[in-house]
Amino acid sequence: MKTKENRTPSLAVALSILVAVLVWMIIGIVALKLDVKMVIFIAIAAVSLVCYFGLNNSIDQIIDNMASSVGNTVSGLFFFFLIGMAIAVWMISGCLPAVVYYGMKLMNPVIFLPITFVLSSIFSLCTGSAWTTAGTIGIVCFGIGMTLGIPDAMTVGAVVSGAYFGDKMSPVSDSTNLAPISSGTDVFSHIRAMLYITVPAYVIAFVMYMVVGFQFQTSGGDIQAAIELEQAILESFNVNIIVLLPLVLVVVLSVMRKPAIPTLLAGIVAAVPIAMFFQNQDFSKIMNCMASGVSLDIENEIVAKIVNRGGISSMMSTLAIVMIALAFGGLMSGSGIFPVVLDALTEKIKSPRAYPAIVILTSALLTIATSSNYVPLTLSGKMFGKAYDDVGLDRSMLSRNIEEGATITAVLCPWASSAVYYVGVFGVPVMEYFPYSFLNIITVIMGCALPFAGLTLVTKEKVAAKN
């Protein structure tokens, strides 16, 4: 019996499949409110049928395309377990509570907005979670801002900017790991590439919060919420400079360009004896917390929200989304659907300066269409990887552009899950805090404009020269 040869989809067919998948994601996530994992899983089933009956792919080929995509990123996926462990042990050791405590000391009503921005940045950088930042430090700052007469929208805008700075830059953030996994680079190369845009954007945003904050100058204000938070942390943890050692170690090793997994492992190991000797936690409890998350009996509700989290188990839902989305990306790439569309695009666009804006806008549109930044974070790298290779751009540039389009915009789309969460926490509509989310807006603008002008491009040649 003669075996049928695989068919390469025509451009019209490939585009039709992409449009159909996008429409399904909008319907499934936005209209039907299905879990994103099921939406992608159903898309996999549908595209697999098209590949089998329409493109003559065998079942083994379809499975291999999906499996190879997931298998090529096993080391990156393993990093997610370390993230959950790190957050748990840094909490129970008092490391992250100490960051909150010392950060609250900086709170000054005269410069409330920039301090809120910086404090949210620090906490989000340490935890890797913009949502956690909103539900903890964000709530405290929001309450203090109300007592000082600061408009709610401005306070939330400052929290959003700071929180998503950390969510984008932290090595323990899921988005900071998803983008390089799908792009084919490592997390610290990814973070270094983001510095080109993030640092100037951060400085500009800080200055803008300073300028806006001048109109609310005051010498007083009720900051009882901050005082109560500081006292509750002192009652629950032994706060001192030494407990910050795990974070300092991770920062130092990162600057020295050590590999991501050993770096995070070092931060985890360093926190264990600190939890034992300074917080009087026994070894078994520390290990169990790293597996299942921290669960301490803390009276203060805000401190309890800050501390009781983390663990390997907390990462399983995210990991499931990543693996399913990676499998879908592998299916779309291996069947020729992505390559056909991108080949048609790259035939017309040869300049490396144009691709950052294309990837940023594509990732933003996918986020808006699917109400989730997980879809572009895991698919855009598979879609544009070859195009970046062909024009000489490094894969870390690709991962940077994906984050600039996906992570940053998620909280600015009213129906996206991130924005819905923030509106639920603060009760401030997206369109009200949008204009004050300075870092998010500036990052997207600079991320598109500067590379187009030939600036901040990370090329393979530059990376090779540094190494």
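Good morning. Please keep in mind throughout that this is a predicted model.

I begin with helix H2, which covers residues 36-54 and so numbers 19 residues. From its first C-alpha to its last, H2 reaches 26 Å, close to the 27 Å expected at 1.5 Å a residue. At the start of this helix, a side-chain oxygen of Asp35 comes to within 2.7 Å of the backbone nitrogen of Lys37. Just after the other end, Asn56 adopts a positive phi of about 60°.

Which residues of H2 are buried? They are Val36, Val39, Ile40, Ala43, Ile44, Val47, Ser48 and Cys51. Let us consider Ser48, which has its place in H2. Its relative accessible area is 14%, and because buried means under 20%, Ser48 counts as buried. In sequence, Ser48 and Leu331 stand 283 residues apart, yet their C-alpha atoms are separated by 7.7 Å.

I turn next to helix H19, residues 374-390. H19 has 17 residues and reaches 26 Å between its first and last C-alpha atoms, close to the 24 Å expected at 1.5 Å a residue. Where is the kink in H19 centred? It is centred on Phe384, and the kink is about 45°. Just after H19, Gly392 takes a positive phi, here of about 85°.

I close with a residue of another helix. Val159 belongs to helix H8, which comprises residues 152-169. Is Val159 buried or exposed? Val159 is buried, because its relative accessibility is 0%. Between Val159 and Ile139 there are 9.2 Å in space, C-alpha to C-alpha, and the two are 20 residues apart in sequence.

Thank you for your attention.

Note on methods. Residues are numbered from 1 along each chain as its sequence is written. This is a predicted model: local features need pLDDT of at least 70, side-chain atom pairs count only at pLDDT 80 or more; totals for chains, interfaces and linings use all residues. Side-chain values use heavy atoms; hydrogens and water are left out. Helices (H or I, at least four residues) and strands (E, at least two) are DSSP runs, numbered from the N terminus. The expected span of a helix is 1.5 Å times one less than its number of residues. Buried means under 20% relative accessible area, exposed over 50%, partly exposed in between (1.4 Å probe, protein chains only). A polar contact is a pair of N or O atoms within 3.5 Å; within protein, one must be able to donate a hydrogen and the other to accept it, and residues adjacent in sequence count only if both atoms are side-chain atoms. The bend at a residue is the angle between axes fitted to the seven residues ending there and the seven starting there.
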